[in-house]
Amino acid sequence: RGLQNHGTATWTAGALQMNGGSFTNNGSFTVTNAATLQCYGTGGVNSFNNAGTFTKQGTGPGNFTVSSTGGSFNNNGVVDVQGGTLALNAGGTHSNDFAVAGGATLGLNGTHNFSAAVDITGAGSLSVVGGTITDTGTVNIGGATFSGGTATFRSLFNGGSLLTVNG
């Protein structure tokens with residue numbers, strides 16, 4: 001089953017649970033939170049597909065993660081992480097840009113594939129905590145931390161003034 005947004009949507013509280021479903025954003029989807037928000041699967045194959053504009057605001061984390069099953073995040077629109085952490089912990093396929101503002105973090109875990117068209121840019125941070133990350137686009141970010149998994153960057157990678165590798 002699928003649910004589509006062609007207008008404006010805002011997520012401020014609660015969990016987005018999927019059971020063999022997908023959510024497709026063709027419009028504007030804004031996550032504004034101080035507390036943790038989670039998107040995950042309770043069965044079947046699940047995905048959040050961004051073909052519009054996805055904006056993460058607020059200080060709390062927004063997690064696309066695994067419970068019983070995963071809730072992958074796929075991007076062929078625009079992702080703008082303005083605050084807090086956008087944690088993509090259940091993998092995804094990406095063919096368009098991610099902007100990460102100063103003080104914000106883009107977190108990756110699971111299997112992620114970024115096409116050559118994808119730029120990950122901004123004064124914020126990139127955090128790879130596990131999984132397999134393959135990026136053929138440009139990464140120009142304020143700081144980067146690698147604490148697990150395998151990350152392969154096949155183009156320009158600039159981790160800013162802070163690059164930390166653990167594990």
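Q: In this predicted model, which residue of E17 is the bridge partner of Ala99?
A: Ala99 is bridged to Thr121 in E17.

Q: What makes strand E14 and strand E17 a pair?
A: Two strands count as paired if at least two bridges are found between them. Strand E14 (residues 98-100) and strand E17 (residues 119-128) have 2 bridges, in the parallel sense, so they meet the cut-off of at least two.

Q: What joins E17 to E19, and in which sense do they run?
A: The two strands are joined by 8 bridges and run parallel. Ser125 is placed opposite Gly143 of E19.

Q: How many helices and strands does the protein chain have?
A: The chain has 0 helices and 22 strands.

Q: Why is the protein chain called as compact as a globular protein of its length?
A: Its radius of gyration is 15 Å, and the globule rule gives 15 Å for 167 residues; the two values are close, so the description holds. Along the principal axes, the C-alpha atoms fill a box of roughly 40 × 30 × 25 Å.

Q: Which residues is Phe54 in contact with, leaving aside its neighbours within four places in sequence?
A: Among them are Phe29, Val31, Phe48, Phe64, Phe73 and Leu86.

Q: Why is Asn26 called partly exposed?
A: Its relative accessible area is 33%. Buried means under 20% and exposed means over 50%, so this value falls in between. Asn26 is in the loop between strand E4 (22-25) and strand E5 (28-32).

Q: What makes the link between the side chains of Asn26 and His6 a polar contact?
A: The cut-off for the pair of N or O atoms is within 3.5 Å. The contact that joins these side chains is 3.5 Å, so it meets that limit.

Q: How far apart are Asn26 and Gly52 in sequence and in space?
A: They are 26 residues apart in sequence and 4.4 Å apart in space, C-alpha to C-alpha.

Terms used
Residues are numbered from 1 along each chain as its sequence is written. This is a predicted model: local features need pLDDT of at least 70, side-chain atom pairs count only at pLDDT 80 or more; totals for chains, interfaces and linings use all residues. Side-chain values use heavy atoms; hydrogens and water are left out. Helices (H or I, at least four residues) and strands (E, at least two) are DSSP runs, numbered from the N terminus. The radius of gyration is taken over C-alpha atoms; the globule rule is 2.2 Å times the number of residues to the power 0.38. Contact means heavy atoms within 4.5 Å. Buried means under 20% relative accessible area, exposed over 50%, partly exposed in between (1.4 Å probe, protein chains only). A polar contact is a pair of N or O atoms within 3.5 Å; within protein, one must be able to donate a hydrogen and the other to accept it, and residues adjacent in sequence count only if both atoms are side-chain atoms.
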